[in-house]
Amino acid sequence: MTDDVLPGSVGQGRPLKGADLTVTSKDFTENLILGAVMGIAFQAAGAEVLDRTGVQGSFGAREAVRSGDADAMYEYTGTAWITYQGNSTPITDPRRQWEEVRDADLRNGLSWLPPSALNNTYALALNRANSTAYGTKTLSDVAVLAAEEPKAVTLCVESEFANRADGLPGMQKAYGMSLPTGNITLMDSGIIYTQAANGSCLFGEVYTTDGRIASMKLAVMEDDRKFFPNYNAAPEINSAALKEWPEIADVLAPITKRLNNDVARELNARVDVDGEDPHRVALEWMVAEGFVREG
């Protein structure tokens, strides 16, 4: 990374001066932005940063950090708990899930720093007109509607969501729903948002931090029984790198604390809706928040 950045509220005293750090990320919009945010913070704190963001798939980026080919990334607690660590039942309390993930990954040479409020998990959403017409605000409301007007509740979902235990089958079980197969249409993620927005499906499967939720004026149903796993973004650091450069924790702490779903939706929308570059979006946000200054 070659951003001309100076310390703002983070990086004072250049505590990472002399460090050569490699930052990685997965290849979807939000994680690209978070990877850039992390790298920019390290640069402001004095480090030389190698940009290895945009790795395809979850396992590749994680393995890079575990092996030491990369030093750090923003990862999601639910992904670690279920996908990497092999658990089938999510932990309802987000802090406790992070603690369990943190403790389990120490033996893998990975150190987790405290999590953000950013929780990129599953949800159902519908357009505002249908939300008003049916009065649904929670998934319990959707279950009631499905029982009273079964033909009304149509879903557009991805095939993976339709078959995962932490997706549609588990959601229906948790909320006592029993939707006819004919009410469920499988499609690609990008199309789902459009179909929900125009009402072709009453509800669409969405990700809670997706920028298209706001741009398409979708209303997200509250998961009032806390069924879906928590996918809180948190820094995942190679333990050897953190031991050598413990200042990493202080550099990232205020940034992670600022991250939440509203911030993520705004930044993601700038990329997915407005077509901006993820790295530029990250840099402009870091400057606007006062975390760094441009040189």
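**Note on helix packing, aromatic pairs and selected residues**

1. Leu-32, Ile-33, Ala-36, Val-37, Ile-40 and Ala-41 of helix α1 meet Pro-278, His-279, Val-281, Ala-282, Leu-283, Trp-285 and Met-286 of α14. Contact here means heavy atoms within 4.5 Å. Helices (H or I, at least four residues) and strands (E, at least two) are DSSP runs, numbered from the N terminus.

2. This is a predicted model: local features need pLDDT of at least 70, side-chain atom pairs count only at pLDDT 80 or more, and totals for chains, interfaces and linings use all residues. Residues are numbered from 1 along each chain as its sequence is written, and side-chain values use heavy atoms, with hydrogens and water left out.

3. Two packed helices are described by the angle between their axes and the distance between the axes. Helix α1 spans residues 29-44 and helix α14 residues 278-288; they pack at about 50°, with axes 8 Å apart. That makes α1 oblique to α14. Axes are lines fitted to C-alpha atoms, for helices over the stretch in contact, and angles run from 0 to 180 degrees between N-to-C directions. Under 35 degrees counts as roughly parallel, over 145 as roughly antiparallel, 65 to 115 as roughly perpendicular and the rest as oblique. The crossing of α1 past α14 is right-handed (near helix turned clockwise from the far one by less than a right angle; left-handed if anticlockwise).

4. The structure holds eight aromatic pairs. One is Phe-161 with Phe-228, a tilted pair at 6.1 Å centre to centre and 40° between the planes. Rings of Phe, Tyr and Trp (its six-membered ring) pair if their centres lie within 6.5 Å; planes under 30 degrees apart are stacked, over 60 edge-to-face and the rest tilted. The pair links distant parts of the chain: Phe-161 sits in helix α7 (residues 159-163), Phe-228 in the loop between β10 (218-220) and β11 (233-238), 67 residues apart.

5. Phe-161 is buried, at 0% relative accessible area. Phe-228 is buried too, at 5%. Buried means under 20%, exposed over 50%, partly exposed in between (1.4 Å probe, protein chains only).

6. Arg-62 lies in helix α2 (residues 58-67). Arg-62 is buried, at 9% relative accessible area. Leaving aside residues up to four places away in sequence, Arg-62 touches Met-73, Glu-75, Tyr-84, Asp-105, Asn-108, Leu-110 and Glu-236.

7. Thr-89 lies in the loop between α3 (77-84) and α4 (94-105). Thr-89 is exposed, at 56% relative accessibility.
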